Amino acid sequence: MTDTQQMLAHDKRRKSINRFAIGSIKILSSLTVLILVVIIGYLAVRGLYKQERTQVSVLPLATAQRLGLSQTEIPFDIVANKRAEFRQVDWNMLREMAQGKIISLRRVTYVNENFFLYVDESIADEFARFLDLASDCLASGGIIVGSFRATVDGAAAHNGSIAIVPRNTASSSLPSALKTIAYEEHVLVVHPTVTQLYGNNMVGVLSDVQVDLLLSGEYSSWVQLHGGDIPVALVQEKTDSSVAREVAGIEGSVGVTTQKDVFRAGEQGFVTAVLQVNRIIRSPNLTFRYLVLPTQESGRFGGIGSIIINTFLMVFLTTLIAAPLGIAAAVYLVEYAKKGRLTSIIRSGIDVLASIPSIIFGLFGLLVFVQLLGWSFSLISGTLTVALMILPTIIRTSEEAIRSVEQRLREASIGMGATKMETIWRVVLPSALNGITTGIILAMGRAIGETAALLYTIGSSTAVATGLSSGSRVLALHIMLTINEGQSFDKAFASAFVLIVVVLIINTTARWMMNRASVKNKGKE
């Protein structure tokens, strides 16, 4: 092989290697971006929207309509305060409300509000008869009966309210705080033998598909639904007889009827059972109310308004402490410290502190600030701990920014009669301001997402901190505690999305300032 051929072969191999390297870099870069997009996208979807799967005894209205079930025409409309977060009510729930058995919405709609039921006096008797109650039961149950205007205004004034108003009430006559909600009544009633335990098997919660197959006769035995070896007997809905009473007399039977029919059959001594069905509810997760309402009962109720305030308060105090110390240390290392072993040790120590896990800072804060100084779990303990943690970042970025200031600027200032301190204060620091600010913003981004260092120092109070000695809770810590305490995964994702947005804004601001400083320096050149 001639020299020319060897050179061509070598050049061909080099080009192949370059193409492979460039292709690999592109693939890995694209994969990294894809992973980040998937993670952020998943958190965004889970944070903005929630899908709740609940087990209920009443068939959802959509299911009843799909099955062609006839809906009882109720002689009134049901409106609810929007903040009560009612989506629908059923006959049993209305009856309990009218009897005064529901006093709070905590176990109904998971809203931390007291419950109020307002009834228009013109339909009060009709409402009581519909629920198989005596007319005087409404008064004894503490229900508020009054005129139409008093009814709707009262429901609008109390967040946890429902109002019973005349049928076909125009929405234009209702206050904006109220909305009309749906009424549901159909249930899957079965003979008691169906829901009994057979060995380790028992009929569980049915899905929409299983309900359709069951009522269409596709199941011949309850074994197919993990029940006992009992034939499935379908009881059809009839207008002249009670489905519940008929089901009570046929072993293995199932039928669709209303809650009122089941109640009346039970009053007459007919024993039945009701199957549970799955209900999937999709709704917004992150709302404006969630952002502004204060946190209640460790995040089970309310929003994250107080948590957001505590977070920004902690970051502000942390920056207020760490920034002056970090900038001063950077000025000393660049302008005053002589090259030597001591300076090298100081810089190595700063690098070591920057790489120490945050949990170590948390333990240090626990031993020193919480126990030794006796400040307990408080805002000041957490703030000082995080300030120590972000101090190395501020020192290193500020040091690089100060070092990048041209020496000729210092010489020109001193040549005009300024002292070294005046030169630093009026020339060096203003020239390095963009770089220093960028470092501080990046440090703030780390502080706002910190969890481990605050776990042992700041406490867990969800109220707004009223002083440095008050315990408090910040966003990242709140997310962790919400999940650990089993409060709500949906609320944890909503809080996580808020935290991501805040950190993204901080990092974007830092990048913009870095680019601005770069363009400014190029302009000077």
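This is a predicted model: local features need pLDDT of at least 70, side-chain atom pairs count only at pLDDT 80 or more; totals for chains, interfaces and linings use all residues.
**Where α3 meets α9**
- Trp91, at 1% relative accessibility, counts as buried.
- The helices themselves, α3 (residues 91–98) and α9 (residues 259–267), pack at about 65° with axes 8 Å apart, which makes α3 roughly perpendicular to α9.
- On the α3 side the contact uses Trp91, Asn92 and Arg95, and on the α9 side Gln259, Lys260 and Phe263.
- By type, the residues of this contact are two nonpolar, two polar and two charged.

**Aromatic pairs**
- The count of aromatic pairs comes to seven.
- One of them, Trp91 with Phe263, is tilted, with 5.4 Å centre to centre and 50° between the planes.
- Phe369 and Trp375 make a stacked pair, at 5.9 Å centre to centre and 5° between the planes.
- Phe369 is buried at 9% relative accessibility, while Trp375 is partly exposed at 35%.
- Phe76, Phe127, Phe130 and Tyr183 are linked by ring pairs into a cluster.

**Annotated spans**
- An unreviewed UniProt entry annotates "transmembrane region" at residues 20–45, 307–333, 345–369, 375–395 and 492–514.
- Residues 20–45 are 100% helix, with end C-alpha atoms 37 Å apart.
- Residues 375–395 are 81% helix and 0% strand, and their end C-alpha atoms lie 27 Å apart.

**Around α16**
- Helix α16 (residues 420–431) has Thr423, Ile424, Val427, Val428 and Leu429 as its buried residues.
- Their cover includes α11, α14, α15 and α17.

Conventions: Residues are numbered from 1 along each chain as its sequence is written. Side-chain values use heavy atoms; hydrogens and water are left out. Axes are lines fitted to C-alpha atoms, for helices over the stretch in contact, and angles run from 0 to 180 degrees between N-to-C directions. Helices (H or I, at least four residues) and strands (E, at least two) are DSSP runs, numbered from the N terminus. Angles under 35 degrees count as roughly parallel, over 145 as roughly antiparallel, 65 to 115 as roughly perpendicular and the rest as oblique. Contact means heavy atoms within 4.5 Å. Ala, Val, Leu, Ile, Met, Phe, Trp, Tyr, Cys and Pro count as nonpolar, Asp, Glu, Lys and Arg as charged, and the others, Gly among them, as polar. UniProt positions are given in the numbering used here, feature names are shortened, and annotations may be inferred rather than shown by experiment. Buried means under 20% relative accessible area, exposed over 50%, partly exposed in between (1.4 Å probe, protein chains only). Rings of Phe, Tyr and Trp (its six-membered ring) pair if their centres lie within 6.5 Å; planes under 30 degrees apart count as stacked, over 60 as edge-to-face and the rest as tilted.
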